[in-house]
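Work through the exercises below with the sequence and the model side by side. Try each task before reading its solution.

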Amino acid sequence: MRLVHVNVTQLRVAATCPRLHWFDTRATAERQDGRKVVSRIWRRGGEAPGCGALFHTAVERFNAAAASSDEVLAALEGARDAAGLQQALMRWFNASCIDLDAFAARPVPLRLGFIAAVQVYMEELARLAVHARAAGLPAAELRRQLFGDSRKRVDVTFHVGEDVHVHVTGAIDYVYFDPRLGKHRIVDYKLTPATSPNSDLFQVFTYALMHHHQHGTKPDVAVFYLHPTRSVREARWEEVEAKRGKIHELIASMVAWSDHALGAGGLLPPGDRTYCDGCKHERSGACVAELGHKDRGAWDRRWAALEATRGEAAEARARVAAGAPAAAGEPLADEAPADEPMVEDDPELEEALAVVKPAGERQRPAPGRGNKAPAEAPPGGARSTPAEAPPSGGPKAPPGGERSTPAAPDAGAGPPAARTADVTGMLLGFDDGGSPVCMDPAVLRTHVSVVGAAGSGKTWMAKIIAEEALRAGVPVLAIDPQGDLVQMMEARPRSDVPPALLRAWEELQERMEPRILTPGSSHGQRLCLDPLRLPSASELSHIANPALRAEEEEGLLVAVAANLVSLCACGGEEESQRTFLYQVLQRLPRAAPVRLRDIVAAVTAPEDLGIDEVDSLIRKSERERLARRLNTFVQGPSARLFSGGTRLDFTELLRPSRPGRVPLNIVYLNALSNDDEKHFFLAALATELYRWMITTVDATSGGVNLLFYIDEARDWIPAGGSKPPAKQPLIRLFTQGRKYGVGCLLCTQSPRSVDYNVFGNTSTKLIGRLEAAQDVERVIDWFTIEGGAPPWVAARKGAPKGSFVARWPDMPAALAGRAFKGRTLFTRHAGAWSPDRVERAVTEAGLRGPGK
């Protein structure tokens, strides 16, 4: 007797496309280690993101962990309505099953697809559970039925020919007893368009027939399409039973296709064009090259013919032969264990496993929030995690947003105490119904942009985000070009804070440690750019890849050279000047800090560094002019950026003076004498921040290490071909910062005014009032790229002052498209401060620092 072992995943693959099963069989034979190669597949359709691997992996993790979870048991015991239970299950899912940092790094369309799918999954689960509890089913028994039913395992042996048995094992997506119908149901979840519902339903027929043979159930079945459009295809058990001949054909055909793949006769498998767009064998050309046209191939049709001609007696005989499991105590020879080793050949699966937590790992608490786990976030959207549920009774909206509500025209919403007493996360404001709008601090890692016309309240909103970052334990480095941000050093009077927000106001005052940094002047804590920090071999030694290590070193040296050339503004061939300075910096000894005077000496006498044929790099007249200009920053009035005060050192800037404090570093640029100095200093600061980031920060640690806040971003990172000195260093922070936990926050009046590379890297966008139709069109372009233009965008033109609509990763669906007003600021917000006003405030507050 011949015994063939297959699993449920292989059945799904073969039912979707027989040729995938053929290729998997051949790959398994080539491994020669007994491990099956199985291609996990979820067909993509149109522009829908392929998040099937992530969804199925996460839900499998969720169901396994929930079976023994005390938190899930408590949620079931306290279930009163479906929306509340859905939210509780989602919070636990987010805390126990998902690595938020890894999830945040996935593409935005995939994240949104995953969020929508999990929301629908949890909603259906919650409805079922609430119905069962209302019918009197104890919570412990309900948990066992929902998550602990071992009958999801299938283990059936089919007789498909002369002395050929096929042993099928595996686990069904979901099987449960539905008290609403009084019978069992088997559900298969799909994250693809319903382009071939009959084929998808046929797969579930197979699982139902197996479950019936093994456990005596007669389950109804359903295919639940979760994304991109929610729909359900269902069938009763009687229809499943009528299709049993087709199911036998699939299993028999799998044997024949496997034999063909191994060169042992069998049948050539046909192709299924509905999967071709997502198939690696189609992309490589191997499908047609090795198996011919997709219309070629055949199925083993004997079982359908048998049932069509033999009548009821033959049907009964076939049913027993095909479905009877081995008698207890008499296993078939060479029977494989149900959990046989398997290699899942899916390009998305490795990425999915990086997002889904292994068993036993819990979500880390947000920085600075004590020991509260993110799972403790209250209803109303106080925490934004990959699949947050809408608040109980609240409206539902997909991630793209389909609802827009007005916000009050004045800034500074004050909420009722009942809505804010237990709020955690970043409290941004309140909608027109008084519900809090909150964001997870982890979102900062993926960058934030606040856009709004002059007078729209964008700086107010950005300050709220900075305040909330500090409350969450995230240090802030703010670039203040005009004097608007420096006022954050002073608290708003307690009497001006609504009572419901007083505890949050107090928390900020307890934690925030303000420092006013003034490059080139002593109005605050003076900063100095000398000596320059060039990357050393030891600082870059943690980068294991030598080529990448060399690239990072080269990039930093090129950036420093470009900054110095822009500062000197000598005219002439700037590319030659940058190349020459790069060669100088590359050869300078770095055992000790490099002073600007060392660079001047090397430019004057490059032969001392071993640079030969200098004239081939730069004309002598330009080199001499470059040396003279650099020397003016060592001696004379222009030396103020490179003399006096404390050296720019991010390790020190981000170190609190005592435990529990969180630094707020505000770099006040308005004391510099001209725009060239401002641009140069910001370019140097961004370059040094990048050097600190790649040489100091552990990229694998997760969390948010710093919020870098830049106001009036259009002046520094303009759209188009204009290239001020700080533009490239700042763009590099936006493109590279998230993997090091350095989040960026920018403000601008127009979405057209800032380089598209920056907006393309900001996953969170808060849109205030827009004035130009072109600005509305640009915002529509953003959201079209990210998964469909939401209908609320048009209403942003002429919106009230202080009104914002936001989109961020993992945002609760209930908040999508909903306008809200920023909460009351906890720090002072008035007109821009002059350098003298800054000096008085710094002196009165005792924030002079070590500079003078």
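**Exercise 1.** In which loop does G644 lie? Then find how exposed G644 is and what it touches.

Solution. This is a predicted model, in which local features need pLDDT of at least 70 and side-chain atom pairs count only at pLDDT 80 or more, while totals for chains, interfaces and linings use all residues. Residues are numbered from 1 along each chain as its sequence is written, and side-chain values use heavy atoms, with hydrogens and water left out.

Step 1. G644 lies in the loop between α23 and β16 (646-647). Helices (H or I, at least four residues) and strands (E, at least two) are DSSP runs, numbered from the N terminus.

Step 2. The relative accessible area of G644 is 38%, so it is partly exposed. Buried means under 20% relative accessible area, exposed means over 50%, and partly exposed is in between (1.4 Å probe, protein chains only).

Step 3. Leaving aside neighbours within four places in sequence, G644 is in contact (heavy atoms within 4.5 Å) with R526, L527 and C528. The C-alpha atoms of G644 and S522 are 8.8 Å apart, although 122 residues separate the two in sequence.

**Exercise 2.** Check the span of helix α21 (residues 574-587) and find what covers its buried residues.

Solution. Step 1. The expected span is 1.5 Å times one less than the number of residues. For the 14 residues of α21 this gives 20 Å, and the end C-alpha atoms are 20 Å apart, so the two agree.

Step 1. The buried residues of α21 are S576, Q577, F580, L581, Y582, Q583, V584 and L585. Their cover includes α20 (546-568), α22 (596-604) and α23 (620-632).

Step 2. Now look at the loop between α20 and α21, where A569 is found. A569 has a positive phi of about 50° although it is not a glycine. Its relative accessible area is 54%, so A569 is exposed.

**Exercise 3.** How many of the 18 residues of α11 are buried?

Solution. Step 1. The count is 16 of the 18, so α11 is largely enclosed by the rest of the structure.

Step 1. Helix α11 covers residues 244-261 and should span 26 Å, which agrees with the 26 Å between its end C-alpha atoms. G263, with a positive phi near 75°, follows α11.

**Exercise 4.** Is T748 buried or exposed? List its contacts as well.

Solution. Step 1. T748 lies in strand β19 (residues 742-748). Its relative accessibility is 1%, so T748 counts as buried.

Step 1. Beyond neighbours within four places in sequence, the contacts of T748 are V450, V451, G452, K458, R714, S753, V754 and F759. T748 and S449 are 299 residues apart along the chain, with 7.9 Å between their C-alpha atoms.

Step 2. H447 is in the loop between β11 (436-439) and β12 (448-451). Its phi is positive, near 75°, in a residue other than glycine. At 0% relative accessibility, H447 counts as buried.

**Exercise 5.** Which residues lie nearest the centre of the largest cavity?

Solution. Step 1. The lining has 14 residues, and L529, L532, R533, A684 and E688 lie nearest the centre.

Step 1. Four residues, the largest share of the lining, come from α25.

Step 2. Between β15 (525-528) and α20 is a loop that holds P531. A cis peptide bond, with omega about 5°, joins D530 and P531.

Conventions:
1 Å grid on protein atoms, 1.4 Å probe; cavity = no way out; pocket = protein on both sides within 12 Å on 5 of 7 lines; lining within 4 Å.
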